[in-house]
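Welcome, and thanks for taking a look. Here are some notes to guide you through the model.

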There are 2 protein chains.
Amino acid sequence: MKISKRERQKLLKKTLSANPLLTDRELSEKFGVSIQTVRLDRLELGIPEVRERTKSAASAYARLKSVNEGEVIGELISLELDKSAESHLITTKEMALQRSEIVRGHYLFAQANSLAVAVINAKAVLTGSVKLRFHNVVEIGNNIKARAVVKKKINNKYFIEVNIYNADEIVFSGEFIMFAQMEG
Amino acid sequence: MKISKRERQKLLKKTLSANPLLTDRELSEKFGVSIQTVRLDRLELGIPEVRERTKSAASAYARLKSVNEGEVIGELISLELDKSAESHLITTKEMALQRSEIVRGHYLFAQANSLAVAVINAKAVLTGSVKLRFHNVVEIGNNIKARAVVKKKINNKYFIEVNIYNADEIVFSGEFIMFAQMEG
């Protein structure tokens with residue numbers, strides 16, 4: 001299937017945001033273009049090479065304090081402790097009810113809540129309360145992006161806003177109040 | 001291990017609320033007492049025989065409209081459509097973080113949210129918004145009980161309160177606003 005350059009670059013961006021660790025070779029095979037074309041696309045889009053992307057993804061995980069790698073629901077993309085964090089999640093069929101294509105709300109909550117825990121610079125964190133809203137449905141196969149921002153911190157009490165986007169549309173927003181366990 | 005009658009009856013109640021489908025024989029083996037003793041215990045506690053319990057559990061599932069059996073997180077214990085529902089969940093090690101005994105909040109949310117969906121008499125239901133609070137931590141191996149009550153219903157908009165208890169202690173409370181899809 002021959003697609004336009006514009007279309008291919010859009011896909012490339014989407015593909016790499018879902019899986020930042022694909023190599024230029026894998027991408028070239030995926031899109032049926034030369035490695036050189038992938039490189040030029042990356043340059044034009046300002047996407048660093050896979051080695052850089054690996055380092056940045058790995059260092060996000062390395063910075064985790066409150067949870068272990070694998071305990072963030074979705075893929076942790078960036079993390080600045082006590083500031084902000086981002087995770088991506090590709091929704092699968094198992095996340096929907098059998099009789100619909102709509103992803104169940106508790107998967108979005110799990111992605112948001114685990115990110116709200118991950119962003120905190122403490123060994124142990126508890127969720128206190130949450131006000132949340134589902135704005136739009138998410139379907140199987142969507143790549144949803146959660147962004148957590150620490151809005152305020154009073155002693156060990158954190159006010160964290162987590163929004164989840166599907167493409168550019170907001171699908172979930174939550175205001176989390178979290179408690180970090182003080183280290184003795 | 002010999003335990004007092006009082007203690008045994010307490011355990012019996014707990015065991016049956018976690019798994020209402022155990023037979024008198026299985027219970028007698030579990031507690032090392034005669035089947036007759038189990039029957040007397042049940043009589044004193046007002047617990048019907050397993051055949052009745054099976055019917056009641058099965059009919060709760062049979063009444064489900066918005067989700068299929070197996071899509072309620074936990075075991076559905078009772079269901080009166082558009083009124084109330086109850087589910088029990090025995091927490092497992094997989095629900096906690098590797099480095100702690102504390103069950104992650106999104107499992108409680110999943111139990112509560114799926115019960116709020118299950119209680120609604122409609123083929124399809126969406127969660128609109130939720131205000132929730134975690135009151136106390138839940139640990140691995142706890143048997144937590146969620147109760148959903150429909151407080152108000154305006155056209156297809158439902159106001160549902162879900163509380164989760166661990167023994168007699170409240171661990172989670174949530175106010176769910178849900179939308180039933182009208183049938184055309």
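Which residue takes a positive phi in the hairpin of strand 5 of chain A and strand 6 of chain A?

1. A167(A) takes it, near 55°, in a hairpin that has two residues between the strands. A strand here is a DSSP run of E with at least two residues, a helix is a run of H or I with at least four, and both are numbered from the N terminus.

2. Before going on, please note that this is a predicted model: local features need pLDDT of at least 70, side-chain atom pairs count only at pLDDT 80 or more, and totals for chains, interfaces and linings use all residues. Residues are numbered from 1 along each chain as its sequence is written, and side-chain values use heavy atoms, without hydrogens and water.

3. Strand 6 of chain A pairs antiparallel with strand 5 (residues 157-166) over ten bridges and with strand 3 (residues 125-134) over nine bridges. Pairing requires at least two DSSP bridges between two strands. F179(A) is the bridge partner of K157(A) and also of L126(A).

4. The strands form an open, antiparallel sheet of twelve, in the order 1(A)-2(A)-4(A)-5(A)-6(A)-3(A)-3(B)-6(B)-5(B)-4(B)-2(B)-1(B). At its edges lie strand 1 (75-80) of chain A and strand 1 (75-80) of chain B, each pairing on one side only.

5. In chain B, strand 3 (residues 125-134) and strand 6 (residues 169-180) run antiparallel, joined by nine bridges. There, V130(B) stands opposite F176(B).

Methods:
Chains lettered and ligands numbered in written order.
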